[in-house]
Amino acid sequence: MKQLVKTLALLCMSLWLIAMSPGSGAAPTIPYKIITERTHKPTLFTQGLQIENDQFYESSGLYGKSLLVSYPVEEPEGSTWARLSAPFTHKQPLPERFFAEGLTLLDDKLYLLTWKEGTLLVYDKTTLHYQKSLGYTGEGWGLTTDGEYLIRSDGSDTLFFHAPQDFRLEKTMKVQDQGKAITRINELEYHAGFIWANIWHEDRIIRIDPNTGDATGELVLSALRNTMKLNNPEQVLNGIAWDEKRNGFWITGKLWPKMFLIQPGD
Ligand SMILES: [Ca+2]
């Protein structure tokens, strides 16, 4: 019964979101429904979020605190998982000199960017054991993959396409909305032939055509933030992971106490 009430409340909110969400660019606003929500460990300074086989893989930033963790997508009813003492499936701290950034998964390897350290760290997906490092030039912000390239953002309007084998840079692409550059591109997710990107310090995710760099739509997610009491200005939206099984995006943010499963419309 409690679950039914919660579901109905979320449904009502979803209808409101579709009706009220204002667009902030020329790209059309994409309607969405909130399917459910769960807790998110509020100590995680989320930089990258990914799902495979019912596990979340998440990177958490800051010098001296950076982590790579995995934990189950399903949260049992009444779970106290989000309590600070609750365990992860696996947890891998980074050396103190690294500030963890974007994260993606390809062929059973986890690829983790670092902010200003010019180092891509590679881990085994199952154990989170460190495997190797690869170098690159520039900053690391978001990371995703289309299955061919590892696609990196650096906080500008440019996306960088790297070869997974050695992380050599193959090509770059500028992102724009009706000719206007879109900067501060952060966490990334590849889904349905598009690159989806969080914009740093904004409650929106843009949908990018990977062939042209054009923004073809945007999700305006300020209503998710409004369900929580967030006091820290760094508690920004920054986590997007496509869940194939549940047919939606899981969305969270840095130091957020919640994660939301949303289903975008056309
Ligand atoms: Ca992601």
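Donors, in what follows, are N, O and S atoms within 2.8 Å of the metal (3.2 Å for Na, K and Ca), and since water is not among the atoms, sites may look incomplete. With that in hand, look at how the donor residues of the calcium ion are spaced in sequence: L-x137-E-L-E-x50-I. This is a predicted model, in which local features need pLDDT of at least 70 and side-chain atom pairs count only at pLDDT 80 or more, while totals for chains, interfaces and linings use all residues. Residues are numbered from 1 along each chain as its sequence is written, and side-chain values use heavy atoms, with hydrogens and water left out.

Let us stay with the calcium ion for a moment. Its protein donors are Leu49 (O), Glu187 (OE), Glu187 (OE), Leu188 (O), Glu189 (OE) and Ile240 (O), at 2.5 to 3.0 Å. The angles among the six donor atoms run from 45 to 170°, and the site is irregular; six donors would count as octahedral if opposite donors were over 155 degrees apart and all others between 65 and 115. Glutamate 187 is buried because its relative accessible area is 0%, and buried means under 20% (1.4 Å probe, protein chains only). Leucine 188 is likewise counted as buried, at 0% relative accessibility.

Now step back to the whole chain. It holds two helices and 22 strands, which are DSSP runs (helices H or I, at least four residues; strands E, at least two) numbered from the N terminus. Of its 266 residues, 54% count as buried.

Next, find glutamine 176 in strand E14 (residues 176–177). Glutamine 176 is buried because its relative accessible area is 17%. Its side chain makes a polar contact with the side chain of aspartate 214, at 2.6 Å; such a contact is a pair of N or O atoms within 3.5 Å, where within protein one must be able to donate a hydrogen and the other to accept it, and residues adjacent in sequence count only if both atoms are side-chain atoms. Setting aside residues up to four places away in sequence, glutamine 176 touches Ala181, Ile182, Thr212, Gly213, Asp214 and Ala215, where contact means heavy atoms within 4.5 Å.

Asp214 also leads us to aspartate 209, whose contacts beyond four places in sequence are Met173, Phe194, Asp214 and Thr216. Aspartate 209 sits in the loop between strand E18 (204–208) and strand E19 (215–220). A polar atom of its side chain lies 2.8 Å from the backbone nitrogen of asparagine 211.

Terms used: Four donors count as tetrahedral if all angles lie between 85 and 135 degrees; four count as square planar and six as octahedral if opposite donors are over 155 degrees apart and all others between 65 and 115; anything else is irregular. Buried means under 20% relative accessible area, exposed over 50%, partly exposed in between (1.4 Å probe, protein chains only).
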